[in-house]
Amino acid sequence: DLTYTGKYIPLSREELIQKLDDALTQSRFEHVLRVEQMAFELAKQNGEDVEKASVAGLCHDYAKQRPDDDFLDVIKKYHLDDLLLHYGNAIWHGEVGYLLVQDELGVTDIDILNSIKHHTTGAKYMSKLEQIVYMADYIEMGRDFPGVEEARKITFNDLADGVAYQTKHTLEFLISENKPVYPKTIDTYNAWVNGSN
Ligand code: GDP
Ligand code: FE
Ligand code: FE
Ligand code: FE
């Protein structure tokens with residue numbers, strides 16, 4: 001197992017895992033372990049720092065089970081965009097939750113924080129680590145939606161092609177379900193799928 005150097009989080013991997021076990025349900029806890037594993041594989045393949053990938057993969061859903069009031073407090077405390085008030089946990093646990101990872105777990109690395117912030121919606125510009133976390137969340141070995149095998153194949157062939165695949169399929173899903181589309185999700189589509197801006 002990976003031994004943390006202290007560069008990215010002031011905890012050992014074992015201490016971080018204990019905090020995640022406390023913060024999450026058993027099934028969500030097992031998901032974050034699988035995302036860590038997949039992020040680790042994608043990091044090795046793409047020449048990214050495996051310790052950063054491990055920390056980001058483990059922390060990406062840290063805030064997933066927090067009550068709405070915790071997110072509303074952070075939105076107020078940090079004067080975040082009022083647009084967020086029209087959404088809920090699906091958007092908040094990343095877009096707002098990264099600040100709880102910063103404040104409660106002590107992560108200061110901006111690339112790790114951005115990869116948590118953007119793991120649900122993607123973003124117009126995504127670093128290699130951001131792409132890795134976005135994809136690892138989608139293709140971890142517990143996922144079994146139709147198309148996941150193709151998504152895995154595409155992603156291990158070319159990370160950015162995987163980003164485009166997920167972005168297109170998620171937007172199709174949101175539209176088919178009449179769900180509100182967060183503007184950043186559309187920015188991701190325009191940058192990574194349409195590629196014209
Ligand atoms: P999880 O936290 O591991 O379950 O996965 P994600 O963080 O990637 O996604 C959480 C939920 O957000 C999923 O159900 C997505 O379909 C949903 N989601 C992604 N983009 C948007 C969006 O733009 N608007 C809304 N309303 N939901 C979204
Ligand atoms: Fe998530
Ligand atoms: Fe995701
Ligand atoms: Fe997740």
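Trainee: How do the residues of the shell around ligand 1 divide into nonpolar, polar and charged?
Mentor: Seven are nonpolar, five are polar and five are charged. Keep in mind that this is a predicted model.

Trainee: Which residues come nearest to ligand 1?
Mentor: Lys64, Thr120, Pro180, Tyr182 and Thr185 do, out of 17 residues around ligand 1.

Trainee: And which pocket does ligand 1 take up?
Mentor: The largest pocket is the space that ligand 1 takes. Two or more residues of the shell come from each of helix H2 (26-46), helix H5 (89-95) and helix H10 (159-176).

Trainee: Which element gives the most to that shell around ligand 1?
Mentor: H5, with three residues.

Trainee: What about polar side-chain atoms by the oxygen atoms of ligand 1?
Mentor: His31 has one 3.1 Å from an oxygen of ligand 1. For His119, the distance from a polar side-chain atom to a ligand 1 oxygen is 3.0 Å. Asp137 also has a side-chain N or O atom 3.0 Å from an oxygen of ligand 1.

Trainee: How much of ligand 1 does the protein bury?
Mentor: 80% of the 590 Å² that ligand 1 exposes when taken alone.

Trainee: Switching to metals. What are the protein donors of the iron ion (ligand 4)?
Mentor: His31 through NE2, His60 through NE2, Asp61 through OD and Asp137 through OD. They lie 2.2 Å from the iron ion. Along the chain, the spacing reads H-x28-H-D-x75-D.

Trainee: Where in the chain do His31 and Asp137 sit?
Mentor: His31 is in helix H2, and Asp137 is in helix H8 (residues 128-139). This pair links distant parts of the chain, 106 residues apart.

Trainee: Which residue bridges ligand 4 and the iron ion (ligand 2)?
Mentor: Asp61 does, and those two iron ions lie 3.5 Å apart.

Trainee: So what coordinates the iron ion (ligand 2)?
Mentor: Asp61 (OD), His93 (NE2) and His119 (NE2), at 2.1 to 2.2 Å. The spacing of these donors is D-x31-H-x25-H.

Trainee: Where do Asp61 and His93 sit?
Mentor: Asp61 is in the loop between helix H3 (50-59) and helix H4 (68-77). His93 is in helix H5. They are 32 residues apart, and the pair links distant parts of the chain.

Trainee: How far apart are the iron ion (ligand 2) and the iron ion (ligand 3)?
Mentor: They are 5.4 Å apart.

Terms used
Residues numbered from 1 in each chain as written. Chains lettered and ligands numbered in written order. Predicted model: local features only at pLDDT ≥ 70, side-chain atom pairs only at ≥ 80, totals over all residues. Heavy atoms only, no water. Near = heavy atom within 4 Å. Polar contact = N/O pair within 3.5 Å; in protein donor to acceptor, adjacent residues only side chain to side chain. Areas by Shrake-Rupley, 256 points an atom, 1.4 Å probe, with all protein chains shown as cover. 1 Å grid on protein atoms, 1.4 Å probe; cavity = no way out; pocket = protein on both sides within 12 Å on 5 of 7 lines; lining within 4 Å. Sits in = over half its atoms within 2 Å of the grid points. Helix = DSSP H or I, 4+ residues; strand = E, 2+ residues; numbered from the N terminus. Nonpolar A, V, L, I, M, F, W, Y, C, P; charged D, E, K, R; others polar. Donors = N, O, S within 2.8 Å, 3.2 Å for Na, K, Ca; no water.
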